[in-house]
Amino acid sequence: MATIKMLDMTGKESGNIELRDDIFGIEPNEYAVHEVIKNHLANCRQGTQAAKTRSDVRGGGRKPFRQKGTGRHRQGSSTDPSQRGGGVVFAPKPRDYSYTIPKKVKRLAMKSALSSKVLDSEMIVVDAITFDQPKTKDMVKMLENVKAGTKALIVLSDKDENVIRSAANIPGVRTTLVSTLNVYDIVNHTSFIATKDAINKIEEVYS
């Protein structure tokens with residue numbers, strides 16, 4: 001098992017924590033991570049874009065000009081895409097971009113993302129994160145103490161409104177729960193900050 005130092009909110013060492021090799025110590029699978037991130041972004045798409053085809057635009061009831069003798073190309077409808085005000089060729093219509101991928105690929109991608117944070121020394125384990133009241137200044141101070149990067153993901157085991165609201169106004173900082181943790185957020189942030197309880201819960205879920 002890999003062992004990393006555990007910090008408190010002041011940035012001082014408060015012991016060591018052992019991480020399971022089957023979750024935090026595997027060789028990252030880039031293909032699985034790529035597939036899961038692609039799936040996540042596709043599922044986030046609203047798919048509400050739309051444009052009018054020649055059957056949707058107004059007009060087209062009569063031939064715009066006679067067939068011969070005008071010196072122009074022959075045209076049978078004003079809704080033709082080649083005409084001003086005509087429809088769009090292969091116009092986009094509302095659609096669902098979401099799709100599913102195998103659960104085994106999702107689990108492999110999650111373990112790969114977590115392992116890559118350990119390999120890159122971007123994982124920070126804090127014994128506990130607690131605030132008496134929501135205060136952005138206190139959260140900024142804690143992030144400075146633990147030497148977090150400009151983009152930090154804070155993972156909690158259970159919902160704590162004081163912590164969530166303290167981090168809400170800090171650019172690049174995001175809070176999440178173990179139950180809503182996803183590969184995209186892990187990869188998209190330079191620092192992975194997790195409480196001791198969150199690490200235990202992750203190992204419980206993905207063991």
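Lys117 is buried, at 5% relative accessibility (buried means under 20% relative accessible area, exposed over 50%, and partly exposed in between, with a 1.4 Å probe and protein chains only). The side chain of Lys117 meets that of Glu122 in a salt bridge, 2.8 Å from N to O (a salt bridge is a side-chain nitrogen of Lys or Arg within 4 Å of a carboxyl oxygen of Asp or Glu). Glu122 is partly exposed, with a relative accessible area of 25%. The structure is a predicted model, in which local features need pLDDT of at least 70 and side-chain atom pairs count only at pLDDT 80 or more, while totals for chains, interfaces and linings use all residues. Residues are numbered from 1 along each chain as its sequence is written, and side-chain values use heavy atoms, with hydrogens and water left out.

Side chains of opposite charge can pair when their charged atoms come close. The structure holds nine salt bridges. One of them joins Asp80 and Arg54, with the closest N and O atoms 3.3 Å apart. Asp80 and Arg54 both lie in the loop between helix H2 (30-44) and helix H3 (103-119), so the pair ties together parts that are 26 residues apart in sequence. Asp80 is buried, with a relative accessible area of 16%, whereas Arg54 is partly exposed at 41%. A salt bridge also links Glu161 and Lys159, with 3.4 Å between the closest N and O atoms. Glu161 is partly exposed, at 39% relative accessible area, and Lys159 is exposed, at 60%.

Val146 lies in the loop between helix H4 (136-145) and strand E4 (152-156). Val146 is buried, with a relative accessible area of 5%. Leaving aside residues up to four places away in sequence, Val146 touches Leu7, Asp8, Gly11, Ile124, Val126 and Ile193 (contact means heavy atoms within 4.5 Å). The C-alpha atoms of Val146 and Lys12 are separated by 8.1 Å, although the two residues are 134 residues apart along the chain.

The protein as a whole has seven helices and six strands (DSSP runs of H or I with at least four residues, and of E with at least two, numbered from the N terminus). From the N terminus, the elements run β-β-α-α-α-β-α-β-α-β-α-β-α. The C-alpha trace spans about 90 × 40 × 25 Å along its principal axes. Buried residues make up 38% of the 207 residues. Of the contacts with a separation of 6 or more, 69% are between residues 24 or more positions apart.
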